[in-house]
Amino acid sequence: MRKLTESRLPEAVSQGHRGAAVAHESAARQVSGQARYVDDLPEPANLLHAAVALSDVAAGTLDSLDITQVATAPGVVATLTLADVPGHTDIGAVYPGDPVLADGQILFHGQPLFAVAADTVEQARQATLQAEWNITPGDAILTVDQARAAETYVGDTVQFRRGDALAGLASSTHTTSGEIHIGGQEHFYLEGQVSLVIPEEDGGMLVYTSSQHPSEVQKLVAEVLGIPFSRVTVDVRRMGGGFGGKETQAAQWACIAALLARKTGRAVKLRLPRSQDMTTTGKRHPFVNRWTLGYDDSGLIQAADIEVNGLCGFSPDLSNAIVDRAMFHADNGYFLNDAHITGYRCRTNTASNTAFRGFGGPQGMMTIEAAMDGIARNLGEDPLTIRKRNLYGDEGRNVTPYHMTVTDNILPELIDRLEHSADYWARREAIRDFNARSPIIKKGLALTPVKFGISFTAKHLNQAGALIHLYTDGSIYLNHGGTEMGQGLFTKVAQIVATEFSVPLATVQSSATRTDKVPNTSPTAASSGTDLNGAAAQNAARTIKQRLIEFATDHYKVRPDQIEFDNGQVQIGEHRLTFADLVQTAYMNRISLSATGYYRTPKLHWDAATGKGRPFLYFAYGASCSEVTIDTLTGEYAVDRVDILHDVGDSLNPAIDIGQIEGGFIQGMGWLTTEELKWNDEGRLLSNSPATYKIPSIGDTPPIFNVDLFDQPNREDTVFKSKAVGEPPLMLPISVWCALRDAIASTADYRINPALNTPATPEQVLFALEQLADQVREAS
Amino acid sequence: MTDFLLNRQPVTLAKTDPDLTVLDYLREQAHLTGTKEGCASGDCGACTVVVGELTDQGMRYRSLNSCITFVHSLHGKQLLTVEHLEQAGALHPVQQALVEHHGSQCGFCTPGFVMSLFALYHSDVAPSREAVLTALSGNLCRCTGYRPIIDAGMALLEQRHGDAFSAQIADIEAELRSLETPVLPEETKTDHVVGFWQPRTRQDLAKARAQAPGARYSAGSTDLALEKTQRLANLNALIDLSQVAELNHISVDDKGLHIGAAVSYTDLEPALLTDYPEAREWLERLGSRPIRNRGTLGGNLGNASPIGDTPPLLIALGATATLSNGQTERTLPVSELITGYRQTVLADDEWIDTIHLPRRQPGSQLRAYKISKRFEDDISTVCVVFYLETDSKDTVTCLRAGFGGLAATPLVLADWQDQLIGQHWPTVAVDTISRTLADALAPIDDVRASARYRVQVTANLFRRFHLETTQPDTRTRVHTHGGLDHA
């Protein structure tokens, strides 16, 4: 059922080089239980276990906090409140606003109030129950509408303008308007937030954490302790999933553990129980988006006025960049002509929403895809026809609302191929026939594209470092600034290095990401892990390789072009020796066998003040076609078949890339279907466990799930012409949501575009069907 | 005293907290950290282990959630963990298959998938995609999207040969037999009774009950253990019902099916589906494979949860339950057992002993509908079960319905169902009857759904039942696999 693209590099495949579908570097250890996560590390002597207590009110003033009974509870060694923090008390990642523990103001239901360290996990958690506090409740702002009414934001409202959209709308042949509520999403990384901190002799801290951003954890731990960054070392071997949820929001637990370690002089581990993790950490931003589009008789968009409102929670965190990215993707793959795109960053008394695979892009894209269906229904056209007609094109139709020229648009060709391989039009007919004959069960079909901008929109983050050592047995130690969270980064970077030296992959040893190996790293985020760290590691490898070539040229009296690295061997003129022999000979002749590598992304420029520039090096593209079946009596549905064609440039590892595409698709499908965050009227998260928050289970896997790679090299000069793959596939399942609407629309002969907020739970689907039936009744 | 095999190592636990979970035992005491904690509530499967036990048919391996299983319940069994599968330096076939199919990404859920697949590998189930999905229904993965894991499972089932474990079975059986020392209730006279009782007979159960009047009953502990792991309660006096012979027995006679209260759903499956095959989808959506390996009818009734899935079915089938205190018994309809939110008629010294299902009446119709946000392994938004008997002229002679998720207790709507008696089923006024059904309901909004949805969908499920029993050619289900095929 799965089709791996044939590699064009058959020899490379046998050696595990770039292009080879080798297994994840930890796979054998993962299946045998040997792969260690933070909570699995051998525990230091005298380890203490920490726990936190969370506020039970969404907004107000903390009038009193009595933890005397906590301090004397069995096993308790230390307590921690904000007053115990010697350094900075605010751990906001980019902007201030995130107190490490409550500072008197209660900002959301679930805010950490204090922490405790005890001899066992159970004692620490039990002790938190002994506290008493008084909070004078304030007015909690819990929704986008409330925040907009109160004009409370975590950042300035931003607008992109290309042309005069309002004039464009006024002169458009037709207009369509709408509003959509897009739900948030809990990350549900299988490994929850955890940090283990070991105090060192110089007052420093060694921090083992499950974080996508070790350098930021280092900075924040140093700052709360009031010590130089150089005394804090952060080590991340792997995460049990991250998805953005451990980009900024892993730091708080490391900081609290470090503060308790400082206070007690003992190692401290803090692991959040799942319900606390789900309650206190931020999620994907819910959005409420509105649009008015003008279009002509053929459905071609003439103007667009789009407003996106992100529900950011109590603090800025990364919300400004996230709402920006929603705005950057409000066009998806379509040319909007005259466009205004406005993004509001709504402050609410909820957990501070944060990075999540796609980083606002998915919520932006949903808006235009919702509108596309509307145009199609209004004109009586198939939605695919309208989508294709509006794609970016040649000169005159290739500039985005933020004035970036799209130079690598492959969507028309990619969609053509998928349309054909998925047999779209024949299935469209078959589904119409089925629906005409089936009174209760209805089917829907949709094909939607994805165009996703690759690069951090904060320009300075687009840099990376790597460190490579060659040892005298020829083995290679590899370190870089990227973190491994399951996405296969370590595997791909090792493949790149093995390719450079032309050695078997097993020669290359990946190692834990550490702030004392490669400093000042960027988060592993924005899909950029391989683009940045792979290129940095490639540069480090090339530095050493160049030294070896220069040495061999001199030592063996050959020209550089007579030297060839060949699968663990090196041909040097007439000499053929093993890679290890060359390395040993180089060592004996005092050649440095260690090098750093560095990379920064070229061509980027962005002027936030004018909303113009080139925030992305390139775009990653894809499209998917989904078929669903719905039950009009219950709203239940099934995803029957999915076909995907996705662009990863020249794949570094087709198995890992397909894994990212399939995994991203299912995760995005969960976001749009069953994953429902629910709060009560007091702002308490009700869906705070996997019993009440439902990510896709194995039975939700489409029985027909065809995934193929669009096999063309990246037109930009990335590492081996590959493309980023982490985030873009998350938006492919927008076709599932569109197919659900298509099935619903079939009950009104496809003439009305049904409203369907997300997540489209069975309840939402049933209500959409009812609402549509009401509209039909009113019309007749 | 609890004796079990940890992989191949005999272990004796004395003076261990009664509510110590298998997961905490493994990670904190045995220092085997391959088994992961994902949720500590039995919902994610990262902690899945396999327990081997001697049965009349030989060794049997089953998956369970170690986070909500008490370690003392392992007495006399073999606990298999992920670290043990690799033997003589070679990955087990299930591990190898996951590697080859790229079935792990972050790897945190992987040990749980490995153990569920190991149990599948050692089962006698025929190879099919459904068999793989069912075996892995309790394992969540957030990275892969499952496709490679399904492929690995399919490949395994198609080439199941023996493994190192098959070769060791005789030895393991001998080792387990050597552990088989019955646990007798400890004599105690203090008021504050602490301990874990594991009676083997009804008589010993009565003794344990007398000795530890405050102790909680534990059968599969799939619900009880959450009080410990989620609400931080101390469950320091437990009576384990899972080894009481009389409560683990299923018998069939002409009156019906008699199911011991501690029979697991997995063990109940063949007998239930023989008489009532329409209950298959309902059963497959009840929890997950590891939950069904542990959960019991007695536990589901005893918890008296408004969202339990079994009361609606038992009510619709006209089931009765026998309560016992070891000396006297009483039998009453299941509909009268539950009196309020998590309240039952059980007296302090009583336990739920046996549940009786009537034999199938020829020509009767049963439909067990479960509606939930996610199709598998989810708590019901509503669970609605209809049972219908008609005479030769299609006149309704009996209609019983059980409703879950619609009130503080499982609901019986006697007036509503009685109005249908004597009516001609194919021509009943479906609109009116579904409207009166809706009018009789007053559910609440909660995390799973709104009250409005619950009412609407329940009324619509009556429409579905009528359609399915009068127009069998009309497709009414989105899934065509599992249960009845309505394609």
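**Entry 1: strand β9 of chain A**

I began with the side chains of β9(A): Val194(A), Leu196(A) and Ile198(A) point one way, Ser195(A), Val197(A) and Pro199(A) point the other way, and all are buried. I note here that the model is a predicted one. The strand covers residues 194-199, and six of its six residues are buried, so β9(A) is largely enclosed by the rest of the structure.

I then looked up the partners of this strand. β9(A) pairs with β12(A), residues 268-271, in the antiparallel sense over four bridges. Within that pairing I found Lys269(A) of β12(A) as the bridge partner of Leu196(A). β9(A) also pairs with β10(A), residues 205-209, again antiparallel, over five bridges. There, Pro199(A) stands opposite Met205(A). I checked the hairpin of β9(A) and β10(A) as well: five residues lie between the strands, and Gly203(A) takes a positive phi near 85°.

**Entry 2: helix α11 of chain A**

I compared the length of α11(A), residues 361-379, with expectation. At 1.5 Å a residue its 19 residues should span 27 Å, and I find the end C-alpha atoms 28 Å apart, which agrees. How many of the 19 residues of α11(A) are buried? I count 17, and I therefore record the helix as mostly covered, a residue being buried if 20 or more other C-beta atoms lie within 10 Å of its own. Just after the helix, Gly380(A) takes a positive phi of about 70°.

**Entry 3: helix α14 of chain A**

I made the length check again on α14(A), residues 424-437. Its 14 residues should span 20 Å at 1.5 Å a residue, and its end C-alpha atoms are 20 Å apart, which agrees.

Which residues of α14(A) are buried? I noted Tyr424(A), Ile431(A) and Asn435(A). These three cover an arc of only 35° around the axis, which puts them on the same side of α14(A). As a reminder to myself, an α-helix has 3.6 residues a turn, so residues three or four places apart point the same way. The face turned away from the buried side of α14(A) carries the exposed residues Ala426(A), Glu429(A), Asp433(A), Ala436(A) and Arg437(A).

I next asked what covers the buried residues of α14(A). The cover includes α12 (383-389), α13 (411-421), β16 and β27 (618-631), of chain A.

**Entry 4: the sheet containing β16 and β27**

I traced the sheet of chain A in which β16 and β27 lie. It is an open sheet of four strands with mixed pairing, in the order β16-β27-β28-β29. β16 (441-454) and β29 (704-710) of chain A stand at the edges with a single partner strand each, so one side of each is left without a neighbour in the sheet. The twist averages 15° from one strand to the next.

β28(A) and β29(A) pair in the parallel sense over seven bridges. Arg641(A) stands opposite Ile704(A) of β29(A).

**Entry 5: the contact of chains A and B**

I finished with the contact between the chains, which takes 70 residues from chain A and 67 residues from chain B.

Technical notes:
Residues are numbered from 1 along each chain as its sequence is written. Chains are lettered from A and ligands numbered from 1 in the order in which they are written. This is a predicted model: local features need pLDDT of at least 70, side-chain atom pairs count only at pLDDT 80 or more; totals for chains, interfaces and linings use all residues. Two strands pair if DSSP finds at least two bridges between them. Helices (H or I, at least four residues) and strands (E, at least two) are DSSP runs, numbered from the N terminus. Axes are lines fitted to C-alpha atoms, for helices over the stretch in contact, and angles run from 0 to 180 degrees between N-to-C directions. The expected span of a helix is 1.5 Å times one less than its number of residues. A residue is buried if 20 or more other C-beta atoms lie within 10 Å of its own, exposed if 12 or fewer, and partly exposed in between; C-beta atoms are placed from the backbone. The arc is that of the directions from the helix axis to the C-beta atoms. Two residues are in contact if their C-beta atoms, placed from the backbone, lie within 7 Å.
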